[in-house]
Amino acid sequence: MTNRTFTMIKPEAVAAGHAGKIIDMITSSGFKVIALKYTRLSREEAGTFYEVHKERPFYGELVEYMASGPIYAAILEKSNAVEDFRKLIGATDPAQAEEGTIRKRFAESKAKNACHGSDSNENAEIEGNFFFSGRERF
Ligand code: CMP
C-alpha cells in the first residue's frame, strides 16, 4: 500500500467549481485514480473521519465545514504517493503554500484549504477504507 494515498476535494473547492481542474492537476502529476466518489459527509461521519483532531481548537469548525456540502473522495496511486501528493497540495496554510501547488491555486484559508491528503501510509489505508469497499477500486 505504500504507493497509494487518499484525497478529498473539499466543499468550498467543489462549490467554487474547481473540482475538474484539481483532478486534472492530480492526474497530470502522474497519479492514477483507483477509486472516486462524489458524496457528502454527515456531521457524524466528518467527526469520525477527523477524530484524530478531536482535542484541537478547530475540530468543531472542521467538522461543520466538511459536512457543509458535497466533496470528491479518491484513492490515488503513484510511487511514493503519500509524500508526492503532499508536495502537490502544498502547505496546510495557503499563504505558505508554494507556487504551482493545489492549495496555492485554490485554497481560501487554512481551514478551507481545498484538498486533503493523507499524512502517512497507515492513514492512507484507513481513510481509503472509510469511503471505499474493495469492489469500488480499479
Ligand atoms: P487536512 O489536511 O484535511 O487535515 C486537517 C484539517 O484541519 C486541515 O486540512 C484543515 O482543513 C484543518 N485545519 C488545520 N489547522 C487548522 C486551523 N489552525 N484552523 C482551522 N482549521 C485547520
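Q: What do the buried residues of α7 pack against?
A: The buried residues of α7 pack against β1 (4-9), β2 (32-39), α3 (43-49), β3 (71-77), α5 (81-89) and β4 (115-117), where a contact means heavy atoms within 4.5 Å. This is a predicted model, in which local features need pLDDT of at least 70 and side-chain atom pairs count only at pLDDT 80 or more, while totals for chains, interfaces and linings use all residues. Residues are numbered from 1 along each chain as its sequence is written, and side-chain values use heavy atoms, with hydrogens and water left out.

Q: Which residues of α7 are buried, and what puts them on the same side of α7?
A: In helix α7, which spans residues 121-131, the buried residues are Ala-124, Glu-127, Gly-128 and Phe-131. They cover an arc of only 100 degrees around the axis, and therefore lie on the same side of α7; the arc is that of the directions from the helix axis to the C-beta atoms.

Q: Why is Asn-113 called buried?
A: Buried means under 20% relative accessible area, with exposed over 50% and partly exposed in between (1.4 Å probe, protein chains only); Asn-113 has 3% relative accessibility, so Asn-113 counts as buried. Asn-113 is found in the loop between α6 (102-106) and β4, and, leaving aside residues up to four places away in sequence, touches Lys-10, Glu-12, Tyr-65, Thr-92, Arg-103 and Ala-107. Asn-113 is also one of the residues around the ligand, a set that takes in any residue with a heavy atom within 4 Å of it.

Q: How do you know whether the radius of gyration of the protein chain agrees or disagrees with that of a compact globule?
A: The globule rule is 2.2 Å times the number of residues to the power 0.38, taken over C-alpha atoms; with 138 residues this gives a value near 14 Å, and the protein chain has 14 Å, so the two agree.

Terms used. Helix = DSSP H or I, 4+ residues; strand = E, 2+ residues; numbered from the N terminus.
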